[in-house]
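Work through the two exercises below with the sequence and the model in view, and try each task before reading its solution.

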Amino acid sequence: MPSNGTYTLAPPEEFTQEEFQNIKKPRRRSRKCQKYAYYSCGLGFLFIIGALISAIFLEEFLERQILDNMPLAEGSRTFQGFQRPPVRPRMYLYMFNLTNHEDFLAGKSKPKMEELGPYTYSQSMIMSDPEFPDPDILRFTVQRNFTFEPNESVGLDDAETVIVPNIPLFGAMHKLKDEYQIGKNVFKEILNSYDFAQDRTPFLKLTVKEFMWGYKSILLSLQRTESPECSIANEESSFDGWDNFGDLDDAWGDYRAESGVQSENTLNQITPTEAANLIDCDIRKDNMDSFGFMSIRNATKRDLREINTGVSNLTLKGRMISWDDQTKVQYWGSDECNTIRNAHDPSAVPMNIQKSTLLNVFVGELCRKLNFQYHDDAFYDGVKTYRYLPLSNTFDNPEESPENECYCLSSPCDRKSGLFDIESCQPGSPVLISWPHFLFGDPDLRLGVDGMDPDPDAHQFRIDLEPKYGLALSAMAQFQFNVKIVRNNGFGYFDNINAEEVVLPFCYIKEGLPEPSEEMMAQIHLILGLPAKGARIVSLGVMIFGLILMAPELMIWIFNCVDRH
């Protein structure tokens, strides 16, 4: 500082050109990069908004897509799964072995029944001849093929012997019950004249396999001689036309040739005279027809149905339209009981069922509808289902349940509660249906034989349904088959028994899907989880992508903040 207190400016510093170029300039963002960052940020913001919208509406959209694929439309994946289900149902056979048939016939004791089983058969179920007369109508039959499963059965084979009723003989006696005594005597004389036949007595010793799938029967062979073809060939019937005791080869199954579907050896397409030349009508030991209780159901096309596909109205999916070309059967005593429409096919029940929903299902083997109601919940691999059981009064006598009056055509009704007579739809059949071990039946039925121990948990028909989409995860139909033995019926076989009548069980069957397969459960989990999980995954993915797009502008903003400080 000068002594006089004044300041003077120093001369400007001289920079060389090289030094001037080396002076650091302040950092500046590229306007072009900043522009792209703004665009990316805006687009990312839109994606985040889209993620929020998808979280709200995408689940409903995916559910709509699932529902749109639920109808049984021709060529659809749903129809293909319905036609060839990803499951292999089971049939569990339980035989009742009559251990004291000689003492029973002699009047020394009541029948003692020994339950044997299960004898397990897997089923391959194939929908045959599917047709779509209309987009809303699916017409089809079902072919079942049974295969014995030794590893799931009580023994390594079904060759165990049992004492069982001679079903064809009971059918003949039932058919001839109103004949004069002389007719019954002639029938027995003709039957006993074939000394090589094994089935001339009311009880037979058979293997389980023979009983189920076929043994040589003199009664079925006699029935063959009564066919129009043999009658023409022989010019005279040995039975003189009075003894037509019905189609015993189908004693409990659907009596009619369903829907006109015939086996390959049908003779309906040729004249009786031509057929007579193709049939060996003589009854010989080496030329006898066979009877098997279930043989008519194996490898045959049966049960013609028309159901609603749900294409026009999904709530109608599975509704019965006709059965055996009938919209109304003629077997029962009222229009309500005869009507088929509005009942559901067992394999296609309604969606969005509630615990208060009453299911109305048509069962072809019984030619009638059954009503099911909710009982409790059942779970399969974490999936909740509603368990539906038939009403406990389904087979009640009309005196106890007046709504059942239409199913009992005799007046007054002569059957006990717990029994269902199928003769109306299967003429000549001697078989009475009940629940296993006479569950919910008249106590006298159980007291009439030894060995009955009904258990509601083990012996009830059940259907387990996923309620939202009406998917059947498990279904087990259960029916017991019985014959009525009447003392002094004119044939002489039972004159010494110690009761006026006895309802004798000979087997019961559990048939269906005991539990869903792994493949089926995978599909169920996909259907049930897709809407919610799909919506979450898509929404989260879109939001993450939006944040990635916003990242450049966020980074620039962060760097600017750092520079300012």
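Of the 565 residues in the protein, 46% are buried, where buried means under 20% relative accessible area, with a 1.4 Å probe and protein chains only. The model is a predicted one, in which local features need pLDDT of at least 70 and side-chain atom pairs count only at pLDDT 80 or more, while totals for chains, interfaces and linings use all residues. Residues are numbered from 1 along each chain as its sequence is written, and side-chain values use heavy atoms, leaving out hydrogens and water.

**Exercise 1**

Determine whether Gln 123 is buried or exposed, and find the polar contacts of its side chain.

*Solution.* Begin by locating Gln 123 in strand S2, which covers residues 113-134; strands are DSSP runs of E with at least two residues, numbered from the N terminus. Next, take its relative accessible area, which is 1%, so Gln 123 is buried. Finally, look for polar contacts, meaning pairs of N or O atoms within 3.5 Å, one able to donate a hydrogen and the other to accept it: the Gln 123 side chain has one with the side chain of Arg 144 at 3.2 Å, and another with that of Glu 511 at 2.9 Å.

**Exercise 2**

Describe which residues helix H6 and helix H8 bring into contact, and sort them by kind.

*Solution.* First identify the residues with heavy atoms within 4.5 Å: Phe 187, Ile 190 and Leu 191 of H6 meet Ile 218, Leu 219 and Leu 222 of H8. Then sort the residues of this contact, which gives 6 nonpolar, no polar and no charged.

Methods:
Helix = DSSP H or I, 4+ residues; strand = E, 2+ residues; numbered from the N terminus. Nonpolar A, V, L, I, M, F, W, Y, C, P; charged D, E, K, R; others polar. Buried < 20%, exposed > 50% of the residue type's maximum accessible area, 1.4 Å probe, protein only.
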